Amino acid sequence: MTRGGNGRFRWAQFTMRRMADRGAESMTQAQRDALAAQLAELEGPKRAEIVQAIATARAFGDLSENFEYHAAKNEQGLLERRIAILRHRVENAVVVESAAEGVVGVGSIVEVEDESGGRFEVEISSVGGGVSTESPLGSALVGARVGDAVQVEAPKGAWTARVVSVRSD
């Protein structure tokens, strides 16, 4: 990316092209609703808070040496980027039904046992905090049933995971 007056604009164009390439995301209705609520919070109160911080910082005087103003403008840019990402995700969400009982699907919470007997729990989710359906573990688990052993093709090598339990929240 180039620096200069239009560098931010070019970066924004690049970022929007990358988001457009991502396409649709599978998620449950509850996950979509959570994203929409987060978007509403950012577009409403958070955006108003940043605008107020910029106005307050402007009142301090000379903008060229005004740290508060530059920090608030930077925060505004980060907020607007987050809003754009969330809006894109909500608009391109594909709502899927919960998987059948005992079958791993989007929104499932899965207890997994690795080859050494270690157990851990993951949520299959394209909405932060979980394992994406596009990740090596997520793609291996989707469609599996309790008791199934699946091969996980991870970047550091393949390993076997066994589905111990599946539940939906």
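Arg-167 and Glu-121 meet through their side chains in a salt bridge, 2.9 Å from N to O; the term means a side-chain nitrogen of Lys or Arg within 4 Å of a carboxyl oxygen of Asp or Glu. This pair links distant parts of the chain, with Arg-167 in strand E6 and Glu-121 in strand E4 (residues 119–123), 46 residues apart. The model is predicted: local features need pLDDT of at least 70, side-chain atom pairs count only at pLDDT 80 or more, and totals for chains, interfaces and linings use all residues. Residues are numbered from 1 along each chain as its sequence is written, and side-chain values use heavy atoms, with hydrogens and water left out.

**Salt bridges**

- Six salt bridges are found in a search of the whole structure.
- Glu-113 forms a salt bridge with Arg-119, where the closest N and O atoms are 3.2 Å apart.
- Glu-113 also forms a salt bridge with Arg-162, again with the closest N and O atoms 3.2 Å apart.
- Arg-162 lies in strand E6 (residues 157–168) and Glu-113 in strand E3 (residues 108–113), so this pair links distant parts of the chain, 49 residues apart; helices (H or I, at least four residues) and strands (E, at least two) are DSSP runs, numbered from the N terminus.
- A network of salt bridges links Glu-111, Glu-113, Arg-119 and Arg-162.

**Exposure of the charged residues**

- Arg-167 is partly exposed at 39% relative accessibility; buried means under 20% relative accessible area, exposed over 50%, and partly exposed in between (1.4 Å probe, protein chains only).
- Its partner Glu-121 is partly exposed as well, with a relative accessible area of 48%.
- Arg-119 is partly exposed, with a relative accessible area of 48%.
- Arg-162 counts as partly exposed at 31% relative accessibility.

**Nonpolar cores**

- The largest nonpolar core has 16 residues, of which Val-104, Val-110, Val-122 and Leu-141 touch the most other members; such a core is a set of buried Ala, Val, Leu, Ile, Met, Phe, Trp, Tyr and Cys residues joined through side-chain atoms within 4.5 Å.
- Two or more residues of this core come from each of E3, helix H4 (136–141), strand E5 (149–154) and E6.
- E6 gives the largest share, four residues.
- Another core, of 15 residues, lies apart from this one and has Ile-54, Ala-57, Tyr-69 and Leu-86 among its members.
- Leaving out residues up to four places away in sequence, Val-122 touches Ser-108, Ile-109, Val-110, Val-112, Val-131, Leu-137 and Leu-141, where contact means heavy atoms within 4.5 Å.
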